[in-house]
Amino acid sequence: MALAAFLATLPSVKAAGVLATGPQGPTNPPEPTLGTSINQTSFARLLSVNSVDDFCLFAPPAPQNIGDSETYEVAWCTKPRNDARVIPDGTITGVSFLKTDFYVQILGYGNLTRLNVPNGDYGGELDPHGQFGAGNPIGGNVTSNVTGSDQHFAEWMQYISYSQFCLRICTNANSTYSAADMCWHELDEMGCEFVMPGNYKVNGTFESCDADVAYPPGWYPTATISGTPVFSTFAQRYTGTESNGHAYTVGDTATPSAPYSTPSSSDCRTTSTISNGIPLTALGLAAASTSRTASKSSSGAKSSSSAPASTAGATKQAKSGERKTKDYSSVDLLKMISGVGAFLLFN
Ligand SMILES: *[C@@H]1O[C@H](CO)[C@@H](O)[C@H](O)[C@H]1NC(C)=O
Ligand SMILES: *[C@@H]1O[C@H](CO)[C@@H](O)[C@H](O)[C@H]1NC(C)=O
Ligand SMILES: *[C@@H]1O[C@H](CO)[C@@H](O)[C@H](O)[C@H]1NC(C)=O
Ligand SMILES: *[C@@H]1O[C@H](CO)[C@@H](O)[C@H](O)[C@H]1NC(C)=O
Ligand SMILES: *[C@@H]1O[C@H](CO)[C@@H](O)[C@H](O)[C@H]1NC(C)=O
Ligand SMILES: *[C@@H]1O[C@H](CO)[C@@H](O)[C@H](O)[C@H]1NC(C)=O
C-alpha cells in the first residue's frame with residue numbers, strides 16, 4: 001500500500017468531522033460486507049460507494065415519493081452487500097464515478113421506478129442531518145473504500161428523482177473546506193448539476209475518473225487576500241414560521257444558475273454496462289423481456305419528457321422549526337426566480 005493510502009486509513013490523520021464516530025444505525029451490519037444474502041424486503045440502511053459498479057443508493061422501501069419517505073428509505077446496492085436490497089441489472093443506465101482528494105461522487109441515470117421512486121417524482125435530498133437530527137433516512141450510514149480501506153464517513157448528500165441521482169461522500173477536509181461544507185445539505189432545490197458538478201452526459205455509458213476538487217456547493221471565490229481565497233456563498237431562500245408564529249425569510253433573493261466551475265477530470269475509464277449477473281427472477285421480478293410493449297400511460301411519459309434531467313432534489317421535508325414542505329418543483333422555482341432577475345447578484 002502506498003504511504004499516502006496507508007496514512008489515510010489512520011483515523012488520527014483525518015481532520016475533525018470527516019470520519020463517523022457515532023453508533024451504526026440499528027438496521028445496519030456493523031461493517032460493509034460484500035456477498036450478503038439477497039433480501040429484497042431488507043430495511044438495511046448502510047450505503048457504500050466504492051466504484052462505478054459497486055455502490056448503493058437510498059430509495060423508498062415501497063413505492064412512495066422521496067419527499068414523503070426520506071426518513072425511512074433503505075439501501076439498494078449494485079452488488080449483494082451490506083444486507084441491503086440489490087439493484088436489478090438494467091436499472092442503472094449511465095454513471096460517472098469520480099474520486100477526488102476531498103470526496104467520492106457518483107452520479108447517473110436510471111429507471112429508478114424499479115427502486116420504488118414513482119414515475120415523474122422529482123425527488124429530494126437526503127443527508128445525515130434531517131429534521132430529527134438522526135439522518136434522512138434515520139439510521140442511514142455510509143462508507144467508502146476509496147481511501148484505501150473501508151471507512152465510515154460522517155458527511156454525505158444524495159439527490160434522487162425517478163430518473164437521476166447524484167451522491168457525494170466527503171472523505172477529507174482541511175482548514176479551508178470542512179467535510180460539512182463540501183457536503184453542504186441546505187441546497188435541496190438546486191439539483192444535482194449545481195450541487196455536484198461533474199459530467200452529466202453519461203446516460204448510456206459508465207465512466208470512472210479522478211477529478212479535481214470542486215468548490216463546496218454554493219461557494220464562489222471572489223478574491224485572494226494574502227494568499228488566502230475569499231468566498232461568497234449562496235444560501236437558498238425560503239420563508240418559514242417560527243414556533244411563536246412569526247414568519248421569517250432567509251437566504252438570497254437571486255439564485256445563481258450554475259456552480260462557479262466544473263472541475264476537470266482525468267484518467268477516465270469507460271465501460272458500456274455494469275452488471276451483477278443476478279437473474280431478475282432471483283430478485284422476485286419478471287424475467288427481462290425482449291419484446292417491445294406499447295405503453296398507453298401517456299401522461300407519465302409526457303411529464304417525463306418535458307422535464308430537464310437536472311431536477312433531482314426538488315422537494316425536501318421541512319426541518320423542525322423551519323418551513324413546511326413546499327410543492328414547487330425546481331422548474332417552478334427557477335421560473336419564479338428568473339422573474340426576479342439579477343443573476344449572480346447575491347452576496
Ligand atoms: C450513523 O448515522 C447516524 C445518524 O446520522 C450518525 O449519528 C452516526 O454517527 C453514524 N454512524 C456511523 C458509524 O456511520
Ligand atoms: C429480510 O429483511 C426483513 C427486514 O429487515 C427481515 O424481516 C427478514 O427476516 C429478512 N429476510 C431474510 C430471509 O433474512
Ligand atoms: C421502468 O421500469 C418499469 C418496471 O420494470 C417499466 O414498466 C417501465 O417501462 C420502465 N420505464 C422505462 C422508461 O424504461
Ligand atoms: C474497493 O472496492 C472495489 C469495488 O468493490 C474493489 O474493486 C477494490 O479492490 C476495493 N479497494 C480496496 C482498497 O479495498
Ligand atoms: C485545502 O484544500 C484545497 C483543495 O485542494 C486547497 O485549494 C486549499 O488551499 C487547502 N487549504 C489549505 C489551508 O491548505
Ligand atoms: C437514459 O437512457 C435511457 C435508455 O436510453 C432512457 O430510457 C432514459 O430516458 C434516459 N434518461 C434520461 C434522464 O434522459
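This is a predicted model: local features need pLDDT of at least 70, side-chain atom pairs count only at pLDDT 80 or more; totals for chains, interfaces and linings use all residues.
## Disulfides in overview

A disulfide is a covalent bond between the sulfur atoms of two cysteines. The structure contains 4 disulfides. When the bonded cysteines are counted along the chain, their pairing reads 1-2, 3-6, 4-5, 7-8. Three of these links are described below, each with its geometry, its place in the chain and the exposure of its cysteines.

## The two links of strand 11

Cys-166 is bonded to Cys-192, with an S to S distance of 2.1 Å. The angle about this S-S bond is -95°, and the link is left-handed. Cys-166 belongs to strand 11, which covers residues 164–170, whereas Cys-192 belongs to helix 4, which covers residues 192–195; the pair therefore ties together parts that lie 26 residues apart in sequence. Both Cys-166 and Cys-192 are buried.

A disulfide also joins Cys-170 to Cys-183, again with 2.1 Å from S to S. Here the angle about the S-S bond is 105°, and the link between Cys-170 and Cys-183 is right-handed. Cys-170 lies in strand 11, while Cys-183 lies in the loop between helix 3 (179–182) and helix 4, so this pair ties together parts that are 13 residues apart in sequence. Are these two cysteines buried or exposed? Buried means under 20% relative accessible area. Cys-170 has a relative accessible area of 0% and is therefore buried. Cys-183 likewise counts as buried, because its relative accessibility is 0%.

## The link between strands 12 and 17

The sulfur atoms of Cys-209 and Cys-268 are 2.1 Å apart and form a disulfide. Because the torsion about their S-S bond is about 115°, this disulfide is right-handed. The link connects distant parts of the chain: Cys-209 is in strand 12 (residues 206–211), Cys-268 is in strand 17 (residues 265–271), and the two are 59 residues apart.

Cys-268, by contrast, is partly exposed, with a relative accessible area of 39%.

## The surroundings of ligand 1

Ligand 1 is surrounded by Ala-20, Gly-22, Pro-23, Gln-24, Pro-128, Ala-134, Gly-140, Asn-141 and His-152. By residue class, this shell consists of 4 nonpolar and 5 polar residues, with no charged residue.

In Pro-128, a backbone N or O atom lies 3.3 Å from an oxygen atom of the ligand. In Asn-141, the atom concerned is an N or O atom of the side chain, 2.4 Å from an oxygen atom of ligand 1. Taken alone, ligand 1 exposes 360 Å², of which the protein buries 77%.

The residues around ligand 5 are Phe-102, Asn-174, Ser-175, Thr-176 and Tyr-177. This shell divides into 2 nonpolar and 3 polar residues, and no charged residue is present.

Two side chains of the shell are considered here. A polar side-chain atom of Asn-174 is 2.3 Å from an oxygen atom of ligand 5. A polar side-chain atom of Thr-176 is 2.7 Å from a nitrogen atom of ligand 5. Taken alone, ligand 5 exposes 360 Å², and the protein buries 46% of that area.

Note on methods:
Residues are numbered from 1 along each chain as its sequence is written. Chains are lettered from A and ligands numbered from 1 in the order in which they are written. Side-chain values use heavy atoms; hydrogens and water are left out. A residue is near a molecule or strand if one of its heavy atoms lies within 4 Å of it. A polar contact is a pair of N or O atoms within 3.5 Å; within protein, one must be able to donate a hydrogen and the other to accept it, and residues adjacent in sequence count only if both atoms are side-chain atoms. Accessible areas come from the Shrake-Rupley method with a 1.4 Å probe; for residues, only the protein chains shown count as cover. Ala, Val, Leu, Ile, Met, Phe, Trp, Tyr, Cys and Pro count as nonpolar, Asp, Glu, Lys and Arg as charged, and the others, Gly among them, as polar. A disulfide is a pair of cysteine sulfur atoms within 2.5 Å. Helices (H or I, at least four residues) and strands (E, at least two) are DSSP runs, numbered from the N terminus. Buried means under 20% relative accessible area, exposed over 50%, partly exposed in between (1.4 Å probe, protein chains only).
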